[in-house]
Amino acid sequence: MTAILELTKVQKNFGKFQALKDVTFQLEQGEVLGFIGPNGAGKSTTIRILLGMLKKSDGQATIFGQDVWKEDTAIHQHLAYVPGDVYLWPNLTGGEIIDLLLRLNGQTRTQKTEELITAFQLDPKKKARTYSKGNRQKVALIAALSQTAELYIFDEPTSGLDPLNEKTFQAEVLKLKQAGKSILLSSHILSEVEKMCDQIAIIREGVIIERGKLAELRHLTRLEIEVTTQETLVDLQTVAGVHQLNFQDPAQHQAQLFVDREQLGPVMKLLAAKQIQSITTKAPTLEDLFLRYYEGADPHAK
Ligand SMILES: Nc1ncnc2c1ncn2[C@@H]1O[C@H](COP(=O)(O)OP(=O)(O)OP(=O)(O)O)[C@@H](O)[C@H]1O
Ligand SMILES: [Mg+2]
């Protein structure tokens with residue numbers, strides 16, 4: 001696989017403040033990468049560096065194998081992006097701005113543009129100053145999505161969109177992916193990532209703390225089990241990989257527990273030996289993982 005975008009130990013200082021300490025991740029051709037982190041983590045700063053709008057303090061950053069700062073003009077010919085804060089020309093209509101944004105990228109309005117205007121239900125005849133936040137975002141999204149590019153970068157694209165338009169956006173990202181395009185998507189919303197991304201990179205306080213395939217990262221979370229057995233479950237207290245064990249009844253026949261993935265086999269064996277009467281398991285959500293990160297806890301710790 002070819003890396004379309006590659007960041008290696010990127011750092012960014014604003015005076016004495018180090019906004020990015022170690023940002024390292026790659027985006028491969030044809031993949032959707034979710035760039036996830038809480039407010040102020042450094043997502044927009046990283047994206048501005050990628051777009052050549054900010055100069056990094058240290059490290060390497062390339063897109064299509066070219067330096068993002070020195071070769072920005074060449075890179076931008078094959079790149080479409082939507083910034084986190086969309087500012088539009090207040091006296092132009094949405095339609096005029098879409099045309100302008102396309103022209104600035106050497107492109108013109110196509111059938112695709114019209115389809116997007118319809119799909120996002122934008123009224124292109126209104127002046128930008130009358131648009132709500134969501135409508136301003138739609139203008140920028142329509143312009144970016146109707147461009148032909150190899151790499152698409154979206155900074156919190158759905159933060160101002162209602163659920164219906166969010167769905168439209170997700171469908172468009174899927175089409176781009178099917179066409180073999182590469183997409184970088186920043187977000188602090190977990191559900192966006194789960195639906196669209198192949199890979200995720202989690203940033204916290206300017207450091208990438210986790211990256212990889214969604215399926216792999218799920219292993220960091222534990223399986224929740226609720227079980228009722230005929231024999232007492234008191235032995236569970238000393239079993240490796242069992243966490244947050246709670247008995248629901250004094251005789252300890254009913255328990256709620258969390259189990260590490262790698263210990264699932266031995267734990268299930270023990271449960272089976274106790275004569276299971278009922279059992280439910282809950283698949284881990286990434287929400288649990290994020291909560292632990294956001295709280296600053298080590299997700300591997302007990
Ligand atoms: N031009 C600047 N001068 C000084 N500090 C800055 C500047 N731009 C960003 N920062 C700081 O760098 C840190 C990272 O900001 P950034 O905008 O990249 O976060 P973010 O992950 O995009 O957050 P959000 O989810 O709120 O958009 C923040 O602490 C921010 O205050
Ligand atoms: Mg931001």
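This is a predicted model: local features need pLDDT of at least 70, side-chain atom pairs count only at pLDDT 80 or more; totals for chains, interfaces and linings use all residues.
1. Local features need pLDDT of at least 70 and side-chain atom pairs 80 or more, while totals for chains, interfaces and linings use all residues. Residues are numbered from 1 along each chain as its sequence is written, ligands are numbered from 1 in the order written, and side-chain values use heavy atoms, without hydrogens or water.

2. Around ligand 1 (a heavy atom within 4 Å) you will find F14, F17, A19, P38, N39, G40, A41, G42, K43, S44, T45 and E156. Helix 1 (a DSSP run of H or I, at least four residues) gives the most to this shell, with three residues.

3. The largest pocket holds about 400 Å³ of space. Of its 20 lining residues, Y81, P83, L101, L104 and N105 are closest to the centre. By class, the lining has 14 nonpolar, five polar and one charged residues.

4. The second largest pocket, of about 250 Å³, is lined by 13 residues, with G84, D85, V86, K133 and S159 nearest its centre. This lining divides into two nonpolar, four polar and seven charged residues.

5. On terms, a pocket is an open set of points on a 1 Å grid over the protein atoms alone, where a 1.4 Å probe fits, with protein on both sides within 12 Å along at least five of seven lines; lining residues have an atom within 4 Å of a point. A volume is the space filled by probe spheres set on the points, which are joined across faces, edges and corners. Ala, Val, Leu, Ile, Met, Phe, Trp, Tyr, Cys and Pro count as nonpolar, Asp, Glu, Lys and Arg as charged, and the others as polar.

Terms used. Helices (H or I, at least four residues) and strands (E, at least two) are DSSP runs, numbered from the N terminus.
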